[in-house]
Amino acid sequence: MRKTLFGAVLAAVIMMGCHTITGELPTQATKTPASGVLTIPIPAAPGATPTPTPKATPTPKATPTPNATPTPDPTPTPTPPPKGSGCGNPVPPAISKFNAKIHLKGPAAWTLDSTPLVGPDKAYCAKIGFTDGRSYCPVRGEGDPQRKACEAYATGTARDTGRPGPTWYRNGALCDGNACANHPDNQYLLLTYTSGTYEPCAKNDVCGSVQVDR
């Protein structure tokens with residue numbers, strides 16, 4: 001009876017061992033028919049870290065090109081005065097301002113004076129002798145033998161008299177000899193007999209202004 005009991009226990013142990021081994025095998029072994037080689041697939045170990053997929057390198061963005069600074073228009077070269085005019089180099093640029101002021105206050109008439117100016121052009125002003133750094137200047141310095149001819153070239157001739165110099169207006173109208181009159185000897189001067197706004201204007205319609213209150 002002991003042998004029978006012992007044999008039953010031993011058989012049970014062997015059976016349990018066989019079940020345990022079979023349960024732990026991950027997969028059934030396969031045999032390749034052609035080669036007769038027994039292959040056993042190996043499963044991935046639990047908790048294994050997957051191989052990371054490398055991140056794609058971002059494509060760099062193109063750097064925007066800043067807006068190009070527009071090239072300024074070149075300063076037009078003035079047309080040279082006709083030969084024999086008396087105005088040489090440097091040729092005056094166009095009149096850009098007209099100074100006007102009360103020059104004399106007489107009992108019968110007040111005399112106005114005007115001076116055409118060019119600029120802003122420091123280089124030109126320096127070339128004709130104004131070395132104080134000014135940007136606006138007369139076409140030639142005081143006493144320069146070319147001043148009269150260069151003023152006539154840059155200013156043009158008066159519309160009413162045809163003489164070299166500015167066209168004078170009072171309150172927007174040409175002087176008729178009653179309220180004002182062109183000076184008999186100098187187109188840059190004007191005789192005024194009554195109050196008003198007086199304007200000397202160059203051929204390019206650049207004007208000065210002076211107020212007379214009599």
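Reader: Which kind of link do the side chains of Asp132 and Arg134 form?

Author: The side chains of Asp132 and Arg134 form a salt bridge, at 2.9 Å from N to O. A salt bridge is a side-chain nitrogen of Lys or Arg within 4 Å of a carboxyl oxygen of Asp or Glu. By this rule the count is 4 salt bridges. Please note that this is a predicted model, in which local features need pLDDT of at least 70 and side-chain atom pairs count only at pLDDT 80 or more, while totals for chains, interfaces and linings use all residues. Residues are numbered from 1 along each chain as its sequence is written, and side-chain values use heavy atoms, with hydrogens and water left out.

Reader: Which residues are linked in a network of salt bridges?

Author: The network links Glu142, Arg147 and Glu151. Within it, the side chains of Glu142 and Arg147 meet at 3.3 Å, N to O. Glu142 counts as exposed, at 75% relative accessibility, whereas Arg147 counts as buried, at 14%.

Reader: Where in the chain do Arg159 and Asp205 lie?

Author: The side chains of Arg159 and Asp205 meet in a salt bridge of 2.8 Å, N to O. This pair links distant parts of the chain: Arg159 is in the loop between α3 (147–155) and β5 (167–170), and Asp205 is in the loop between β9 (196–201) and β10 (210–212), 46 residues apart. Both Arg159 and Asp205 are exposed. In these names, helices (H or I, at least four residues) and strands (E, at least two) are DSSP runs, numbered from the N terminus.

Reader: Why is α3 described as largely enclosed by the rest of the structure?

Author: An α-helix has 3.6 residues a turn, so residues three or four places apart point the same way. In α3, 7 of the 9 residues are buried, so the helix is largely enclosed by the rest of the structure. The buried residues are Arg147, Ala149, Cys150, Glu151, Tyr153, Ala154 and Thr155.

Reader: Against which strands do the buried residues of α3 pack?

Author: They pack against β3 (95–105) and β4 (110–118), where contact means heavy atoms within 4.5 Å. After α3 comes Gly156, whose phi is positive, near 95°.

Reader: In what order do the 4 strands of the open sheet stand?

Author: Strands of a sheet pair through backbone hydrogen bonds, either parallel or antiparallel. Two strands pair if DSSP finds at least two bridges between them. Here the order is β6-β5-β9-β10, with antiparallel pairing. The edge strands, each pairing on one side only, are β6 (173–174) and β10. Between the antiparallel strands β5 and β6 there are 2 bridges, and Tyr169 stands opposite Leu174 in β6.

Reader: How many disulfides does a search of the whole structure find?

Author: A disulfide is a pair of cysteine sulfur atoms within 2.5 Å, and the search finds 4 of them. With bonded cysteines counted along the chain, the pattern is 1-4, 2-3, 5-6, 7-8.

Reader: Which parts of the structure does the disulfide of Cys87 and Cys150 tie together?

Author: The sulfur atoms of Cys87 and Cys150 are joined at 2.0 Å. Cys87 lies in the loop between β2 (38–39) and β3, and Cys150 in helix α3, so the pair ties together parts that are 63 residues apart in sequence. The link is right-handed, with 100° about the S-S bond, and both Cys87 and Cys150 are buried.

Reader: What is the handedness of the link of Cys125 and Cys137?

Author: That link is left-handed, with -95° about the S-S bond. The sulfur atoms of Cys125 and Cys137 are 2.2 Å apart. Cys125 is buried, with a relative accessible area of 0%, and Cys137 also counts as buried, at 0%.

Reader: Are Cys201 and Cys207 buried or partly exposed?

Author: Cys201 is buried, because its relative accessible area is 6%, whereas Cys207 is partly exposed, with 35%. A disulfide joins Cys201 to Cys207, S to S 2.0 Å, and the link is right-handed, with 110° about the S-S bond.

Conventions. Buried means under 20% relative accessible area, exposed over 50%, partly exposed in between (1.4 Å probe, protein chains only).
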